[in-house]
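User: I would like to learn how to read a ligand site and a sheet. Please take me through them one at a time.

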Amino acid sequence: MSTAVKVEHLSKEYRLGVIGNGSLWKDIQSWTAKLQGKPDPWTKINEESRIGKRERFWALKDINFEVQQGERLGIIGRNGAGKSTLLKILSQITAPTEGVVKMRGHVASLLEVGTGFHPEFTGRENIYLNGAILGMSKADIDRNFDEIVAFSEIEPEFIDTPVKRYSSGMYVRLAFAVAAHLNSEILIADEVLAVGDVKFQEKCLGKMKEVSEKQGRTVLFVSHNIGAVRQLCQTGALLDHGKLLMLDNVDKVADEYAKLIGQ
Amino acid sequence: MTSDKETWDVVITPKRMWLGLNLKELRQYKDLITLMIRREFVSVYKQTIFGPLWFVFQPLMSTFLYMFVFGNIAQMGTDEIPQALFYFSGTMLWTFFATTLQKCSDTFINNAGLFGKVYFPRLTMPIAYVTNAFFTLLIQFAVMLVFYVYYLANGVQFSLSWWILTTPIYILQLALLGTGFGIMISALTTKYHDLRNLVSFGLSLLMYATPVVYPISSIPVRWKVLFQFNPVAPVIEMFRYSFFGKGSCNLKMWAYSLIVSVVVFLLGLMTFNHNEQTFVDVV
Ligand SMILES: Nc1ncnc2c1ncn2[C@@H]1O[C@H](COP(=O)(O)OP(=O)(O)O)[C@@H](O)[C@H]1O
Ligand SMILES: [Mg+2]
């Protein structure tokens, strides 16, 4: 078995606060004031002390881990621990500040359901659009189209209706159905199961587990729902304040997390 | 770094490319590009009551307006080219350039939600915008040909020149200029939101330093400088010269404009590449 994801010394630094004034006009006024030795007209009183103190901070610091092909890793941690930041780097949405990530196979990331859905487009058109955004080719979607519609439990007569007329439940189900049929080797999912009804969530989890087991797909999964993480994943990673505290069997990690939030 | 073979499909590092056009990756996403073009095209005309007719209606309206204001009231010349053809061709080409520039400059702002959630080559969007503008241009070009034939049938003589064969180059130039300036600005608008207003204002000023509503020949000598630095000006003049045989065919200016087009496009690509992975952190 080979390594699917290898993360080495990964760090991400964010700049806090407003950088500049967000307005060219105001920035020009600030510059001219500076040139004349006058105080910056756009500095807010309480901002002055904050800037310089904590301008930057590390959302992730020196993260190292490997995920084997076919492994399902659950990433857990408190709010602000850096889980989403980690997934965003792995998805190439934002660049790391330091370190390297290497991956084998195509990556599909699901940081939100229905990304890129266009309300004016029909269900059918959105399946193609959303699928393409997530990295599927037209041929892939053609092949899976009927299955996607069936999985979404949307009555076939609605598939050619613009999605702006869908109920929110239908919308979410359709979006999930596309995601469930992604054929990438690595699937990254962030809190996406927080929406949609419980029964449909179960169905999605089941589907994710099934494809992973059958096709040896690697899954990186973030969820606040520890039950879902235990059900889906074998290994767990515990993040806190941007550091990787623990990487072990999912049950051990979940217990450790319970201790952490229990305090 | 030793045990298993170092054959990775994706390697993510902090380094960003300055000048790189990952054509292989863009090709992988060609289905997405096609869908985005369609999405753009459809959402433009779904927003107007005219539907797809909008693409023809808009330049026709401008043409009538210019015929009235510049042709009749201001009595400006058109290099003896029939007014309708003169204004229509100018508007059509200018709109292609200006729309591309404006749409591209909003790339990050208009797609912040999408870019923050999913990775695909960011250039997909500018490519969709320029292609979309190109299709619009094609439709309008067909309308221009209808005018053309109408005037021919009514006995107007056009001295077609061999330059007509370089028409694709004119279009390419406008595409490079529009996209290049647009993506260059898009990198800045993520920091300065008020730049958007400046862009539309700048474009409407620039239109009057471009031979859209009057030919270069009618410009007083002391104002010609304005036109000399404008890379869009020679393209429109050359286009008219090719099709109608009138107007200035200044090869030196055209060569200058060609070079500027390529340079602007490359600079745009550099700033765009540099910005595409960090902008998510600041919006
Ligand atoms: N674009 C950003 N700019 C500045 N700080 C950010 C940005 N995105 C996230 N953060 C900060 O980074 C930390 C980690 O965030 P995140 O990865 O979203 O945490 P989690 O998903 O684990 O709740 C948080 O403190 C958050 O406020
Ligand atoms: Mg999060």
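User: Which polar side-chain atom lies 2.5 Å from an oxygen atom of ligand 1?

Analyst: A polar contact is a pair of N or O atoms within 3.5 Å; within protein, one must be able to donate a hydrogen and the other to accept it, and residues adjacent in sequence count only if both atoms are side-chain atoms. Here the atom belongs to A:T85. The side chain of A:S84 has an N or O atom 2.7 Å from a ligand 1 oxygen, and a backbone N or O atom of A:A81 is 3.2 Å from one. This is a predicted model, where local features need pLDDT of at least 70, side-chain atom pairs count only at pLDDT 80 or more, and totals for chains, interfaces and linings use all residues. Side-chain values use heavy atoms, without hydrogens and water; residues are numbered from 1 along each chain as its sequence is written, with chains lettered from A and ligands numbered from 1 in the order written.

User: What is the strand order in the open sheet?

Analyst: Strands of a sheet pair through backbone hydrogen bonds, either parallel or antiparallel. The six strands of chain A run β5-β6-β7-β3-β8-β9, with mixed pairing. Strands are DSSP runs (E, at least two residues), numbered from the N terminus, and two pair if DSSP finds at least two bridges between them. β5 (107-110) and β9 (243-249) of chain A are at the edges with a single partner strand each, so one side of each has no neighbour in the sheet. β5(A) pairs with β6(A) in the parallel sense over four bridges.
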